[in-house]
Amino acid sequence: MNARIFLSAPDVSGVEERYLVNALRSGWVAPVGPDLDAFEAEIARRCGTAHAVGVSSGTAALHLALLALGVGPGQLVIVPTLTFAATANAVVYTGAEPVFVDSLPGDGNLDPDLTAGVLADLRREGHTVGAIVPVDLFGACAEYTSLEELGVPIVEDAAEALGSSRDGRPAGSFGRVAALSFNGNKILTTSGGGMLVTDDGDLAARCRHLATQAREPVAHYEHRDVGYNYRLSNLLAALGRGQLTRLDEMIARRRQLRERYLKLFAATEGTRLLGEADPGSNCWLTTLVVDPQRAGWTAADLGTWLAARDIETRPVWKPMHAQPVFRGRRVWLTGVADRLFATGLNLPSGSGLREDAQQRVFDAIGEFLDAR
Ligand SMILES: *Cc1c(COP(=O)(O)O)cnc(C)c1O
């Protein structure tokens with residue numbers, strides 16, 4: 001029997017094992033230590049930023065970024081409706097309100113023109129917009145050039161985009177501050193973890209302070225702020241350092257897989273890959289978009305077919321405005337996010353997918369297409 005094929009399974013090797021064991025033997029089994037310092041420096045270099053702060057998750061990174069920008073009760077924060085819930089949840093943690101904005105059809109990222117209009121509406125109504133949190137969806141960087149000119153602090157949700165770039169700028173370098181995730185299914189994993197990256201030294205220091213229980217630098221425990229226990233552990237940072245030595249290789253494998261999918265679907269009427277024209281994407285997940293009228297079948301049909309063959313796929317994120325938890329929040333729609341949710345399917349995209357497993361996926365899709 002063949003093993004189940006996952007959407008994006010962790011890809012770890014002997015390299016990570018050596019880093020982890022060395023950290024364990026060094027005695028730094030603590031939420032701080034030399035591997036954490038080194039991992040922060042290495043990620044900052046990779047993202048082209050002056051500072052990095054390792055934290056326990058991407059969600060924690062988003063939460064601290066918003067807090068450090070002064071986002072809180074009475075403010076609104078613009079978030080793409082097409083994202084993972086953590087982007088919007090982090091806004092709610094601060095006491096601010098998320099407002100949801102639709103996406104561009106090409107890559108599913110926040111629509112900058114629509115965002116400019118929403119911002120003008122909200123300002124006219126007298127609201128304070130504390131931040132905009134664009135998301136680099138499935139690894140493709142959003143369009144920041146015009147967003148950065150709107151006069152509102154930008155927090156880049158780069159949870160899915162480590163190693164990507166756009167217009168010659170690396171993911172993580174856009175806006176005032178960016179959040180990365182090292183969760184188990186992300187392009188680089190520490191099993192669980194995240195990082196803030198920024199050029200703003202004061203902002204980085206503020207996040208570091210809040211992440212370490214807001215302890216003042218005195219011998220007795222002194223606190224002026226409510227803090228959080230959000231730091232990344234030294235052991236997990238060591239695992240991340242091992243992964244980082246393999247990041248380019250892992251991205252190259254995902255990109256090869258993307259190119260194979262492109263070839264496979266090139267001649268299939270009514271299909272396209274989301275963001276297929278983006279040369280800077282790390283190809284974290286490859287998303288097939290199916291026009292059922294033209295194709296004669298739906299994305300869900302293919303998902304069901306592959307599930308029966310023990311191959312995992314997943315719909316595109318269900319938009320936030322359609323989530324019960326965010327019912328009643330304000331939203332500006334063009335229909336793109338709803339359409340991508342209805343017609344998109346994330347295909348197996350992991351860098352650890354070996355040749356025989358890839359072949360199984362491509363054979364199964366080929367049989368599906370032949371049977372139509
Ligand atoms: C994964 C993800 C997060 C959250 O990261 P965690 O490390 O799982 O907390 C936030 N935003 C987006 C877009 C994500 O994909």
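**Exercises on burial and helix packing**

Glutamine 243 counts as buried, because its relative accessibility is 1% (buried: under 20% relative accessible area; exposed: over 50%; 1.4 Å probe, protein chains only). The model is predicted, with local features requiring pLDDT of at least 70 and side-chain atom pairs pLDDT 80 or more, while totals for chains, interfaces and linings use all residues. Residues are numbered from 1 along each chain, and side-chain values use heavy atoms, without hydrogens and water.

**Exercise 1.** Determine where glutamine 243 lies and which residues it is in contact with.

*Solution.* Step 1: glutamine 243 belongs to helix 8 (residues 234-245); helices are DSSP runs of H or I with at least four residues, and strands are E runs of at least two, numbered from the N terminus. Step 2: apart from neighbours within four places in sequence, glutamine 243 is in contact (heavy atoms within 4.5 Å) with Asp11, Val12, Glu16, Ile187, Leu188, Thr189 and Met250.

**Exercise 2.** Identify the buried residues of helix 11 and the elements they pack against.

*Solution.* Step 1: in helix 11 (residues 299-307), Ala299, Leu302, Gly303 and Leu306 are buried. Step 2: these residues lie on the same side of helix 11, because they cover an arc of only 100° around the axis, taken from the directions from the helix axis to the C-beta atoms. Step 3: Ala300 and Thr304 are exposed on the other side of helix 11. Step 4: the buried residues of helix 11 pack against helix 9 (247-266), strand 11 (286-290), helix 12 (336-343), strand 14 (344-347) and helix 13 (355-371).
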